[in-house]
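Student: Hi, I'm new to this one. Could you walk me through a few parts of it?

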Amino acid sequence: MDTALDHAVTTRPRSIRRTLSAYVALTKPRVIELLLVTTAPVMILAANGLPSIWLVLATLIGGALSAGSAGAFNMYIDRDIDRLMNRTQNRPLVTGEISDRAAIVFAYTIGVVSIIWLGLTTNWLAASLSLAAILFYVVIYTLVLKRRTEQNIIWGGIAGCFPVLIGWSAVTGSLAWPPFILFLVVFLWTPPHYWPLSMKYRDDYAVAHVPMLAVLRDRATVGVQVVLYAWATVAASLLLIPIAPMGALYTAVALISGGWFIVESHRLYGRAVRGLEAKPMRVFHASITYLTLLFVAVGIDPLLPF
């Protein structure tokens, strides 16, 4: 009797932890982390100094909920193809840890909460932009583009650009050229960030009939596109220098980290052309490091006296 009671007591917390972990996974937390990295620095740039800590926290909380809602909707809609791909077979709707009904209710709930939260704690422009990001990711990317065209990630990636506009508008209540420049940077960065990942998981996408560029084109063609978009990303990042204007730190980081990103992109293309192992994840990880360094510089540069 005692053994059975002890077993029940010890397994219940584990079950709760697994359930909570499953709901967290439903929000795509790694994507949220990357989106938040682009939000807080832009708020510092908008304030030309340190904004209110409460405002930053409120914006990040609202942004995380908004991005989590979009991620949950995406997993709900894509649950059929997630069951076919090896890399997504541990997602909670595939394993059955969360029911389809619970997932869609969760997605709607945190989405509505995120919009109301941002509207009440920041302003309704930021809240409206957050709603636009959710709708763009769910409707335009997931429902319309993803399964129909190799251009899916190019235009679908616009959803991931909204956090820079949300961060700026949360501070100023308006929009200006600097956040649109950074919007362009993230827009151009998304394809060379995601295409290497689709190269690695090409077979998965092929089985699921998702027309990623790496499925429909050869590795050399994908490599050329990665190179072109990497160059365009770095060029766009330099536009911020005269427009913001930015100082020595941002300039140095944009040039050095951008140069590294471009070199890794050329290496990917070179290996693809020579028929060698492409090693696409090198570019994938380099792209994340590049964007993180660039936006850290965006946040630190306004605080420096030079």
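This is a predicted model: local features need pLDDT of at least 70, side-chain atom pairs count only at pLDDT 80 or more; totals for chains, interfaces and linings use all residues.

Student: Let's begin with α9. How many of its residues are buried?

Tutor: Nine of the eleven residues in helix α9 (residues 162-172) are buried, so the helix is mostly covered. Buried means under 20% relative accessible area, exposed means over 50%, and partly exposed is in between (1.4 Å probe, protein chains only). Helices here are DSSP runs (H or I, at least four residues), numbered from the N terminus.

Student: Which ones are buried, and what covers them?

Tutor: The buried residues are Phe162, Pro163, Val164, Leu165, Ile166, Gly167, Trp168, Ser169 and Ala170. Their cover includes α2 (29-47), α3 (53-77), α7 (124-145), α10 (177-200) and α15 (280-300).

Student: And what follows α9?

Tutor: Gly173 follows α9, and the phi of Gly173 is positive, near 75 degrees.

Student: New topic: what about the second largest pocket?

Tutor: It holds about 170 Å³ of space. A pocket is found on a 1 Å grid over the protein atoms alone, as an open set of points where a 1.4 Å probe fits, with protein on both sides within 12 Å along at least five of seven lines; lining residues have an atom within 4 Å of a point. Grid points are joined across faces, edges and corners, and the volume is the space filled by probe spheres set on the points.

Student: Which elements line that pocket?

Tutor: α3, α6 (100-121) and α7 each give two or more residues to the lining of the second largest pocket. α6 gives the most, with six residues. Among the lining residues are Ser69, Phe73, Tyr108, Gly111 and Leu131.

Student: Now the helix pairs. At what angle do α13 and α15 pack?

Tutor: Helix α13 (residues 219-243) packs with α15 at about 5 degrees, and their axes are 12 Å apart. That makes α13 roughly parallel to α15. The axes are lines fitted to C-alpha atoms, for helices over the stretch in contact, and angles run from 0 to 180 degrees between N-to-C directions. Angles under 35 degrees count as roughly parallel, over 145 as roughly antiparallel, 65 to 115 as roughly perpendicular and the rest as oblique.

Student: Which residues make the contact of α13 with α15?

Tutor: Val226, Thr233, Val234, Ser237 and Leu240 come from α13, while Val283, Tyr290, Leu294 and Val298 come from α15. Contact means heavy atoms within 4.5 Å. By class, this contact has seven nonpolar residues, two polar and no charged.

Student: And α14 with α15?

Tutor: The axes of helix α14 (residues 248-273) and α15 cross at roughly 170 degrees and come within 9 Å. That makes α14 roughly antiparallel to α15. Their contact has 16 nonpolar, five polar and four charged residues.

Student: Let's do single residues. Is Val186 buried or exposed?

Tutor: Val186, found in helix α10, is buried, with a relative accessible area of 4%. Not counting residues up to four places away in sequence, Val186 touches Gly160, Cys161 and Phe295.

Student: How about Ile243?

Tutor: Ile243 is in helix α13 and is partly exposed, with a relative accessible area of 36%. Leaving out residues up to four places away in sequence, Ile243 touches Trp177, Pro178 and Ile181.

Student: Where is the cis peptide bond around Pro245?

Tutor: The bond from Ala244 to Pro245 is cis, with omega near -15 degrees. Pro245 lies in the loop between α13 and α14.

Student: Last one: which residues other than glycine have a positive phi?

Tutor: One of them is His209, with phi near 60 degrees; it sits in the loop between α11 (202-207) and α12 (213-216) and counts as exposed at 66% relative accessibility. Lys279 also has a positive phi, of about 55 degrees. Lys279 is in the loop between α14 and α15, and counts as partly exposed at 40% relative accessibility.

Note on methods
Residues are numbered from 1 along each chain as its sequence is written. Side-chain values use heavy atoms; hydrogens and water are left out. Ala, Val, Leu, Ile, Met, Phe, Trp, Tyr, Cys and Pro count as nonpolar, Asp, Glu, Lys and Arg as charged, and the others, Gly among them, as polar.
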